[in-house]
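Colleague: Could you walk me through reading a few features of this model?
Modeller: Gladly; have the structure open and ask away.

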Amino acid sequence: MIKNIDKNQERKRRHARVRKKVNGVRKVSGTATAPRISVYRSLNHIYVQLIDDVKGVTICSASTMEKDVKAEIKDMTKTEAAKVVGKKAGEKAIAKGVKEAVFDRGGYLYTGRVQAVADGAREAGLNF
């Protein structure tokens, strides 16, 4: 008998594995000076959080559900909307004094909407 693969369960397993590995010099966990940019991608929306894992606090967040973003992305594709969300999150982070971050793709492949979020955050001035 063939069992159905639970894609979300597989993504969560990949996410846990990526979080354990070393990304360059530091692990993929956020600090106050370099928070973790966590991306969650649903079918219709995208959500981004900057997280300080040491304190366990969300520094700022952005999503396609916010009123100002929703008005801006009205006639855009999901990938273009993801870039706007990344840029909005980057601007909020810069306003809070964060210049560097660690990108956490959340178990998703680094392509499409996830890559657009990273590009938007880089355009806003974040380094990772």
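Colleague: How do the residues lining the second largest pocket divide into nonpolar, polar and charged?
Modeller: Keep in mind that this is a predicted model. The lining has five nonpolar, four polar and four charged residues. The pocket itself has a volume of about 160 Å³. Of its 13 lining residues, those closest to the centre are Asn-44, His-45, Thr-64, Ile-73 and Ala-81.

Colleague: Which helix gives the most to that lining?
Modeller: Helix H3, residues 78-95, with three residues.

Colleague: And how should I read the buried side of a helix?
Modeller: The general idea first: an α-helix has 3.6 residues a turn, so residues three or four places apart point the same way. In H3, the buried residues include Ala-81, Val-85, Lys-88 and Ala-89.

Colleague: What do the buried residues of H3 pack against?
Modeller: Their partners are S4, S5, helix H2 (67-72) and helix H4 (113-124).

Colleague: How far does H3 reach from its first C-alpha to its last?
Modeller: With 18 residues it reaches 26 Å, close to the 26 Å expected at 1.5 Å a residue. After H3 comes Gly-97, with a positive phi near 95°.

Colleague: Which turn residue of the hairpin has a positive phi?
Modeller: That is Gly-56, at about 75°, and the S4-S5 hairpin has four residues between its strands.

Technical notes
Residues numbered from 1 in each chain as written. Predicted model: local features only at pLDDT ≥ 70, side-chain atom pairs only at ≥ 80, totals over all residues. Heavy atoms only, no water. Pairing = 2+ DSSP bridges. Helix = DSSP H or I, 4+ residues; strand = E, 2+ residues; numbered from the N terminus. 1 Å grid on protein atoms, 1.4 Å probe; cavity = no way out; pocket = protein on both sides within 12 Å on 5 of 7 lines; lining within 4 Å. Points joined across faces, edges and corners; volume = space filled by probe spheres on them. Nonpolar A, V, L, I, M, F, W, Y, C, P; charged D, E, K, R; others polar. Expected span 1.5 Å × (residues − 1). Buried < 20%, exposed > 50% of the residue type's maximum accessible area, 1.4 Å probe, protein only. Contact = heavy atoms within 4.5 Å.
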